[in-house]
Amino acid sequence: MAITLETKFYDGSAWKNLSKVVFTSPNMDSPNTAGTRSHIFPGGGIPLGLWYEDASNMYRIEDDQILTDTQYDNDDYTATSGTSIFSGVRSVNFTVTEGEAYDCRLTAWDDVTHNTTSNEVLQGDYCKASAYCYYWEGTTYTTPDSITTVVSGSYNQTLKGDTFYYGDFDIRYRTGTNLNGDVVVFKPILYNIPGLLSYGIHDFVITLHYSYT
Amino acid sequence: MVQDLKTYGIYNTVTTVDPYDCRFLAGYPDGRMIRGKNFIDTGWDDIPQGLAALRYSLSTGHIITILKFRAYLPLIEVSLGIDGSKMFHSINVKCLADKEVLVYSIILKQTPDSKLKIGDVVISKEGLPTEFGKSWKYTDRGFSWR
């Protein structure tokens with residue numbers, strides 16, 4: 001059976017269609033116009049922010065790149081000291097709206113091919129994500145009646161092709177009153193970037209790899 | 001100091017099939033031929049059991065004939081990027097033999113430096129599955145009473 005997936009994020013009040021994840025300095029208003037990039041270099045005291053972008057705007061999700069707490073929370077914006085709460089609200093959401101898929105794997109590849117990792121960011125194991133797969137019951141995303149784990153969460157997991165990933169697992173559309181999902185949520189992190197990283201733009205893509213009939 | 005702004009990781013190019021113009025062709029003993037819809041919504045789960053032949057037609061003109069086994073389970077392998085990009089990697093046709101499963105992987109994309117090109121077939125082997133879902137389609141030699 002084929003599968004239909006929606007890729008969205010929740011900005012705290014409404015769902016947005018994700019078009020890009022951007023890592024750039026956080027010294028700009030949020031929301032800001034899509035495509036805007038900070039001209040202040042991260043590093044040397046300026047942190048690297050996490051932004052989600054839809055077709056019109058970009059939204060600052062994190063002011064810094066810090067590891068996430070090893071727990072999942074669907075409605076908590078409060079950062080604890082030294083860590084960030086991993087919440088669905090601040091995550092990218094892959095939501096199954098029809099069908100089912102097998103052998104799913106969240107990982108990162110370089111460029112447009114989705115199958116090579118010859119990229120400094122990936123080779124240095126700097127691309128990480130915290131991820132969780134579940135379905136939920138209720139009518140409000142931020143206050144579900146219940147959450148059922150499909151795959152246990154993985155926190156601060158390095159993503160690099162077939163070497164490091166979150167998976168493998170199966171997902172499917174849940175039918176039933178007020179059932180929603182399955183949902184794969186994750187928050188990308190660029191962690192421990194060294195000062196000697198080559199100057200420039202490093203394109204890579206985080207993908208959900210899956211199979212269907 | 002002015003530096004040239006380099007962009008890393010976008011120089012490679014990829015060529016892929018048109019998933020809307022690829023499909024399976026399922027033949028039956030009475031001469032019927034059922035054409036799949038495409039690779040987005042294949043229609044595989046809706047076809048009847050008892051296949052006599054299975055082929056794949058790619059948008060590139062490749063026709064790949066799968067040898068006859070006891071049953072087939074085709075799995076299309078794709079990746080969905082958070083930027084909305086979608087890549088069709090291969091279709092992996094699991095073929096049930098007497099004591100094992102052979103997997104025919106039909107390549108659906110290529111890059112300038114990739115060894116495998118669109119339409120190439122890689123055959124691998126795996127153990128028998130523990131269960132058979134409804135997506136397994138038996139051939140006319142696949143039933144146990146034959």
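Strands here are DSSP runs of E covering at least two residues, just as helices are runs of H or I covering at least four, and both are numbered from the N terminus; two strands are said to pair if DSSP finds at least two bridges between them. Within this pairing, Tyr210(A) lies opposite Val78(B) of strand 7 of chain B. In general, the strands of a sheet pair through backbone hydrogen bonds, in either a parallel or an antiparallel sense.

The model is predicted: local features require pLDDT of at least 70 and side-chain atom pairs count only at pLDDT 80 or more, whereas totals for chains, interfaces and linings use all residues. Residues are numbered from 1 along each chain as its sequence is written, and chains are lettered from A and ligands numbered from 1 in the order in which they are written.

The contact between the chains involves 34 residues of chain A and 31 residues of chain B, where two residues are in contact if their C-beta atoms, placed from the backbone, lie within 7 Å. On the side of chain B that touches chain A, at least two residues each are supplied by strand 1 (7–8), strand 7 (71–81) and strand 8 (86–96). The largest share, 8 residues, comes from strand 7 of chain B. By type, the residues of this side comprise 13 nonpolar, 13 polar and 5 charged. Here Ala, Val, Leu, Ile, Met, Phe, Trp, Tyr, Cys and Pro count as nonpolar, Asp, Glu, Lys and Arg as charged, and the others, Gly among them, as polar.

Chain A contains an open sheet of 4 strands in the order 3-5-6-4, with antiparallel pairing. Its edge strands, each pairing on one side only, are strand 3 (20–24) and strand 4 (32–33). Strand 5 (residues 49–53) and strand 6 (residues 57–62) of chain A are paired over 4 bridges, and Trp51(A) has Arg60(A) as its bridge partner in strand 6.

In chain B, 4 bridges likewise connect strand 5 (residues 53–57) to the antiparallel strand 6 (residues 63–66). Ile64(B), in strand 6, is the bridge partner of Tyr56(B). This hairpin has 5 residues between its strands, and Gly61(B) adopts a positive phi near 100 degrees.

Leu128(B) belongs to the loop between strand 11 (121–126) and strand 12 (137–138) of chain B. Leu128(B) counts as exposed because it has 11 C-beta neighbours inside 10 Å; with C-beta atoms placed from the backbone, 12 or fewer others within 10 Å make a residue exposed, 20 or more make it buried, and values in between make it partly exposed. Leaving aside residues up to four places away in sequence, Leu128(B) touches Glu100(B) and Val101(B).
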